[in-house]
Amino acid sequence: MNQPAQTNVVRKGLLLVLLVLAILTAYTIYQRQNPYTVEVFSTSGGWGYAILNHGKPFIHQPTIPGQPGIVGFSSAAQAQRVGERVVEKIQQDKALPTLTNDELRQLGVKIP
């Protein structure tokens, strides 16, 4: 093999290694991102929240969780806080969370 042919092989090998490293770096950054986002929405009974996992619906909560009847949150801010707390619990426990009335009160939710 002559010298220019060997140089081309080395360059192509280095480019392939750089491409693989770039893909692995992008994948690692993607994996470290929080996959969950909270979106609030208005309902006929107030406000609710949705939790999305990588942009796909995961939890749809149009009412205050654990409360009887069809009562939504009184404000978008309340729904947002509760949705964010649910995300925290999902990330800690890796399971579907429950919220107690005390936790809801701590988040500023008035329990009817």
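**Exercise 1. Work out whether F73 is buried or exposed.**

Start with the cut-offs: buried means under 20% relative accessible area, exposed means over 50%, and partly exposed is in between, using a 1.4 Å probe and protein chains only. F73 has 0% relative accessibility, so F73 counts as buried.

Before you go on: this is a predicted model, where local features need pLDDT of at least 70, side-chain atom pairs count only at pLDDT 80 or more, and totals for chains, interfaces and linings use all residues. Residues are numbered from 1 along each chain as its sequence is written, and side-chain values use heavy atoms, leaving out hydrogens and water.

**Exercise 2. Find how many aromatic pairs there are, and which residues form them.**

Step one is the rule: rings of Phe, Tyr and Trp (its six-membered ring) pair if their centres lie within 6.5 Å; planes under 30 degrees apart are stacked, over 60 edge-to-face, and the rest tilted. That gives two aromatic pairs.

Step two: Y36 and F58 make a tilted pair, 5.6 Å centre to centre with 50 degrees between the planes. This pair links distant parts of the chain, with Y36 in strand β1 and F58 in strand β3, 22 residues apart. (Strands are DSSP runs of E, at least two residues, and helices are runs of H or I, at least four, numbered from the N terminus.) Y36 is buried at 16% relative accessible area, while F58 is partly exposed at 37%.

Step three: Y49 and F73 are also a tilted pair, 5.9 Å centre to centre and 45 degrees between the planes. Here Y49 sits in strand β2 and F73 in the loop between β3 and α2, 24 residues apart. Y49 counts as buried, at 2% relative accessibility.

**Exercise 3. Work out the order of the strands in the sheet.**

Two strands pair if DSSP finds at least two bridges between them. The open sheet has three strands in the order β1-β2-β3, with antiparallel pairing. Its edge strands are β1 (36-43) and β3 (56-61), and each pairs on one side only. Strand β2 (residues 46-53) is joined to β3 by five bridges. In β3, Q61 is the bridge partner of Y49.

**Exercise 4. Which residues does E103 touch, leaving aside its neighbours within four places in sequence?**

Next, apply the contact rule, heavy atoms within 4.5 Å. With those neighbours left out, E103 is in contact with R85, K89 and T98. Finally, E103 counts as buried, at 17% relative accessibility.
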